[in-house]
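Me: I would like to learn how to read the features of a structure that I have not seen before. Could you take me through this one step by step?

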Amino acid sequence: MDTLYRAKPYIPEVTHQWILRKFGTILETGGLIQGAHVKEFEDDACQMFDVKNAVATTSCGTGLETVLIASGIKGKRFIVPTQTFAASVNCIIRTGNTPLIVDVDSETQCLSLDIIKENMTDDMGGVVLVHMSGLITPEMEEIEKYCKDNDLFLLTDDAHSYGAQLYNPYKDERRCAGTFGDAGVFSFYPSKIITTGEGGMITTNDDEIADRVSKLRNHGAEISEEQRHHGAKPYMLPDFNMLGFNYRMTDLQGALGVVQIKKLDSFISERNEWANYYIRELNKIDWLMLPQISSDYKPGWQSFVVFVDEVKAPFSRNEIMEKLQEVGISTRPGTHAVHMLNYYKELLRCDENDFPGAKAANDFSMSIPLHNRMIKEDYEYVVSKIKLL
Ligand SMILES: *Cc1c(COP(=O)(O)O)cnc(C)c1O
């Protein structure tokens, strides 16, 4: 049997024939970069998430950085959870701001309104918030309101939360990840819910931010090649009013994105179905702690992360991961805690034990296989092998 990976892309539409045809068309039209497919991918994202603007970029990391440059905020502090991927912190440092890393709520693995309030200072510029594993941060609308009232820029790192939704029963409204705060950024890295190889997407309801990020990603040019080539004034060259860079998405990547985004609803529904299966089955194991979700969410289930209670468990978390690997089930620690990585430990002068919630997640969490390529027998196999431990 092949190893069951924790995450794997699933794009059955993309056959050899499809690639030849698409690549052929794209080469023929000459719109290799940010062409018609990237535009369609962006339009689909706007519609899918009910957000005014979507701007494709080369990755989530570059997207986060672009948004903070567009915000114009410099020399300020930004609250960011330590339990996240390095990119959520790097965007703060790279734009001349200082990260104030904070712990996460040990139950939800996310920030909370209390954590943000406790860490507020006068020189705070904003918050970089992460919806861990595709579970939307609880109190999200309260956090959004608090940031607005206190003039804090709220950037959400949505690398894990493609398709995740919050339901507000009072307003009978759904809101998607990527629409909270000032802007959000998705990742299309191969381990995420949909992939374009490399790739990212900035979403925002703020037209000014959208305008700035779309120029920044294209060297700062006031008008794009697309506009220039199809415009009525062929002699016109763009002006440059800002210091940009090249974070453009290629059109073949855009085409890959379009195929998958149209299936996002079914991807997420299927992930929810199997996550609920895991919850039902694994609930019976007293040494496993399962993700806590409230009925207000439809999680995206970027990953299914459990916690090993090493006091009750038959083995340590690492031994369990090794034993599962031996029977062809690949697992990983949920995510790391940035304050335990050398560069940040030295830069931010912190100690491993400063953030107990995130350290516990680093030491005891385990992400088990869940993705759209898996079938019923695969899920049953994972459950049976965990039960046998
Ligand atoms: C994967 C990930 C990123 C980085 O995404 P890229 O597209 O590789 O830049 C950023 N933040 C989080 C939380 C991630 O998991």
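Reply: Let us begin with a pair of strands: strand S12 (residues 304-308) and S13 run antiparallel and are joined by four bridges. In this pair, phenylalanine 307 stands opposite serine 365 in S13. The model is a predicted one, in which local features need pLDDT of at least 70 and side-chain atom pairs count only at pLDDT 80 or more, while totals for chains, interfaces and linings use all residues. Residues are numbered from 1 along each chain as its sequence is written, and side-chain values use heavy atoms, with hydrogens and water left out.

Me: What counts as a strand, and when do two strands pair?

Reply: Strands (E, at least two residues) and helices (H or I, at least four) are DSSP runs numbered from the N terminus, and two strands pair if DSSP finds at least two bridges between them. Here, an open antiparallel sheet of three strands has the order S10-S12-S13, and its edge strands, S10 (288-289) and S13 (365-368), each pair on one side only.

Me: In what order do the strands of the sheet with S6 lie, and why is one side of S7 and of S11 left without a neighbour?

Reply: That open sheet has three strands in the order S7-S6-S11, with antiparallel pairing. Strand S7 (173-176) and strand S11 (297-298) stand at the edges with a single partner strand each, so one side of each has no neighbour in the sheet. Strand S6 (residues 165-168) pairs with S7 over four bridges in the antiparallel sense, and asparagine 168 stands opposite glutamate 173 in S7.

Me: How is the chain divided into domains, and how should I read the contact between them?

Reply: Domain bounds come from an automatic or database domain assignment, which here gives domain 1 (13-261) and domain 2 (264-387). Their contact, meaning heavy atoms within 4.5 Å, takes 40 residues from domain 1 and 32 residues from domain 2.

Me: How much area do domain 1 and domain 2 bury between them?

Reply: The size of an interface is often given as the accessible area lost when the parts come together. Domain 1 and domain 2 bury about 2,900 Å² between them (accessible area with a 1.4 Å probe, summed over both), and 62% of this lies on carbon and sulfur atoms. On the side of domain 1, Ile101, Leu135 and Ile193 lose the most area to domain 2, together 20% of what that side buries.

Me: How many salt bridges are counted between domain 1 and domain 2?

Reply: With a salt bridge taken as a side-chain nitrogen of Lys or Arg within 4 Å of a carboxyl oxygen of Asp or Glu, the count between domain 1 and domain 2 is zero.

Key. Buried area = accessible area lost by both parts, 1.4 Å probe.
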